[in-house]
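Dear colleague,

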Amino acid sequence: MKFLIVFVALFAIVLANSDQDAQILRQDSNVEPLSYQYAQETSNGIKSQESGQVRYLGTEQEAIAVQGSYSYVGDDGQTYTVNYIADENGFQPQGAHIPVA
């Protein structure tokens with residue numbers, strides 16, 4: 001479930017910052033039964049990569065742990081990058097432009 005939330009959030013960000021004319025420059029993926037990874041880059045400066053694997057297989061704590069990053073060019077011309085982890089501790093983004101509590 002957490003993976004779905006993270007994926008939908010990432011997808012919404014990509015859509016919000018994309019141009020209709022953007023082209024996919026690179027797209028790689030590898031999906032295995034207990035893990036996956038993907039990377040992509042578009043012509044409008046959006047890049048993302050992510051990998052995930054099942055942790056604690058066969059236990060009550062079984063979950064998908066994800067780590068990745070995405071970057072995009074903002075309206076101000078600056079490139080913004082977010083690195084994140086999503087696991088049993090929730091979604092944990094980090095970026096120079098993200099306020100720290």
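A residue is called buried when its relative accessible area is under 20%, exposed when that area is over 50%, and partly exposed in between, using a 1.4 Å probe and protein chains only. By this criterion, 26% of the 101 residues of the protein count as buried.

Two remarks on the source are needed. This is a predicted model, in which local features need pLDDT of at least 70 and side-chain atom pairs count only at pLDDT 80 or more, while totals for chains, interfaces and linings use all residues. Residues are numbered from 1 along each chain as its sequence is written, and side-chain values use heavy atoms, with hydrogens and water left out.

Overall architecture

The protein has one helix and six strands. Read from the N terminus, the order of the elements is α-β-β-β-β-β-β. Helices (H or I, at least four residues) and strands (E, at least two) are DSSP runs, numbered from the N terminus. The protein exposes about 7100 Å², of which carbon and sulfur atoms supply 53%; accessible areas come from the Shrake-Rupley method with a 1.4 Å probe, and for residues only the protein chains shown count as cover. Among contacts (heavy atoms within 4.5 Å) with a separation of 6 or more, 26% are accounted for by residues 24 or more positions apart.

The sheet

The six strands form an open sheet in the order β1-β2-β3-β4-β5-β6, with antiparallel pairing. Because β1 and β6 (90–94) stand at the edges, each with a single partner strand, one side of each has no neighbour in the sheet. On average, neighbouring strands of this sheet are turned by 10° against each other, direction ignored. For that angle, axes are lines fitted to C-alpha atoms, for helices over the stretch in contact, and angles run from 0 to 180 degrees between N-to-C directions.

Two strands are taken to pair if DSSP finds at least two bridges between them. Between β3 and β4 there are nine bridges, in the antiparallel sense. E50 stands opposite G68 in β4.

S48 lies in strand β3 and is buried, with a relative accessible area of 4%. Leaving out residues up to four places away in sequence, S48 touches Y38, A39, Q40, S69 and Y70.

Y56 is found in the loop between β3 (47–55) and β4 (63–73). Although Y56 is not a glycine, its phi is positive, at about 55°. Y56 is partly exposed, with a relative accessible area of 41%.

V73 belongs to strand β4 and is partly exposed, at a relative accessible area of 36%. The C-alpha atoms of V73 and N44 are separated by 7.7 Å, with the two residues 29 residues apart along the chain. Apart from neighbours within four places in sequence, V73 is in contact with N44, G45, Q78 and T79.

Salt bridges

A salt bridge is counted when a side-chain nitrogen of Lys or Arg is within 4 Å of a carboxyl oxygen of Asp or Glu. In general, side chains of opposite charge can pair when their charged atoms come close. A search of the whole structure finds four salt bridges, including those described here.

What links R26, D28 and E41? These residues are joined in a network of salt bridges. The side chains of R26 and D28 meet at 3.1 Å, N to O. R26 is partly exposed, with a relative accessible area of 37%, and D28 is also partly exposed, at 41%. The side chains of E41 and R26 meet at 3.9 Å, N to O. That pair links distant parts of the chain, with E41 in strand β2 (residues 35–42) and R26 in strand β1 (residues 24–31), 15 residues apart. E41 is partly exposed, with a relative accessible area of 23%.

A further salt bridge joins the side chains of D87 and R55 (4.0 Å, N to O). This pair too links distant parts of the chain: D87 is in strand β5 (residues 79–87) and R55 in strand β3, 32 residues apart. Is D87 buried or exposed? At 7% relative accessibility, D87 counts as buried, whereas R55, at 28%, counts as partly exposed.

With kind regards
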